[in-house]
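Biologist: I would like to learn how to read a model like this one. Where do we begin?

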Amino acid sequence: MELARQGTSTDPREAALIGLALRVLAEPGALSDEDVAEVRAHGWSDRVIAEVVGVVALNLLTGAFNLLAGIQPDSGDRAGRDGP
């Protein structure tokens, strides 16, 4: 879990996909054909690569909306609370 929080993995295949996601987040304009080829070389399909871009974009959009709406993350444990 700690490695996931750091944006990496001990599995090189997973680490390559996570690395791509971080690049899409931090510097999408700097992604190159070589970056995509590296992820493909680890066995990831074009469909999965496209999904990573979609997930990053969706999370950015959700975060921006939450900021605008003033929605704060729930930091407490939901166990034992009334309601759904």
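Modeller: Begin with a charged pair. Glu51 and Arg47 form a salt bridge, with their closest N and O atoms 2.6 Å apart. Keep in mind that this is a predicted model.

Biologist: What is the general idea behind such a pair?

Modeller: Side chains of opposite charge can pair when their charged atoms come close. In this case, Glu51 and Arg47 are 4 residues apart in helix 4, which spans residues 46–69, so about one helical turn separates them.

Biologist: Are Glu51 and Arg47 buried, partly exposed or exposed, and what is the relative accessible area of each?

Modeller: Glu51 is partly exposed, at 41% relative accessible area. Arg47 is exposed, at 56%. The cut-off for exposed is over 50%.

Biologist: How many salt bridges does the structure hold?

Modeller: The structure holds 4 salt bridges. Some of them share partners, and these join Arg23, Glu27 and Asp35 into one network.

Biologist: Which side chains pair with Arg23?

Modeller: Take Glu27 as one case. The side chains of Glu27 and Arg23 meet in a salt bridge at 3.0 Å, N to O. Asp35 also forms a salt bridge with Arg23, and there the closest N and O atoms are 3.0 Å apart.

Biologist: Which parts of the chain does the pair of Asp35 and Arg23 tie together?

Modeller: Asp35 lies in helix 3, residues 33–41, and Arg23 lies in helix 2, residues 12–26. The pair therefore ties together parts that are 12 residues apart in sequence.

Biologist: And how is accessibility read across this network?

Modeller: Go residue by residue. Asp35 counts as buried, at 16% relative accessibility. The cut-off for buried is under 20%. Arg23 counts as partly exposed at 25%. Glu27 is partly exposed too, with a relative accessible area of 37%.

Biologist: Let us step back to the fold. What does the secondary structure of the chain come to?

Modeller: The chain has 4 helices and 0 strands. Along the sequence, the pattern reads α-α-α-α.

Biologist: How do I read the nonpolar side chains?

Modeller: In soluble globular proteins, nonpolar side chains tend to be buried together. Here the largest nonpolar core has 10 residues in all, among them Leu17, Leu20, Val39, Trp44 and Ile49. Helix 2 and helix 4 each supply at least two residues of this core.

Biologist: How much of the chain counts as buried?

Modeller: Of its 84 residues, 15% count as buried. The accessible surface comes to about 6400 Å², and carbon and sulfur atoms hold 60% of that.

Biologist: One last feature. What share of the contacts with a separation of 6 or more joins residues 24 or more positions apart?

Modeller: That share is 41% in this chain.

Terms used
Residues numbered from 1 in each chain as written. Predicted model: local features only at pLDDT ≥ 70, side-chain atom pairs only at ≥ 80, totals over all residues. Heavy atoms only, no water. Buried < 20%, exposed > 50% of the residue type's maximum accessible area, 1.4 Å probe, protein only. Core = buried A, V, L, I, M, F, W, Y, C linked by side-chain atoms within 4.5 Å. Contact = heavy atoms within 4.5 Å. Areas by Shrake-Rupley, 256 points an atom, 1.4 Å probe, with all protein chains shown as cover.
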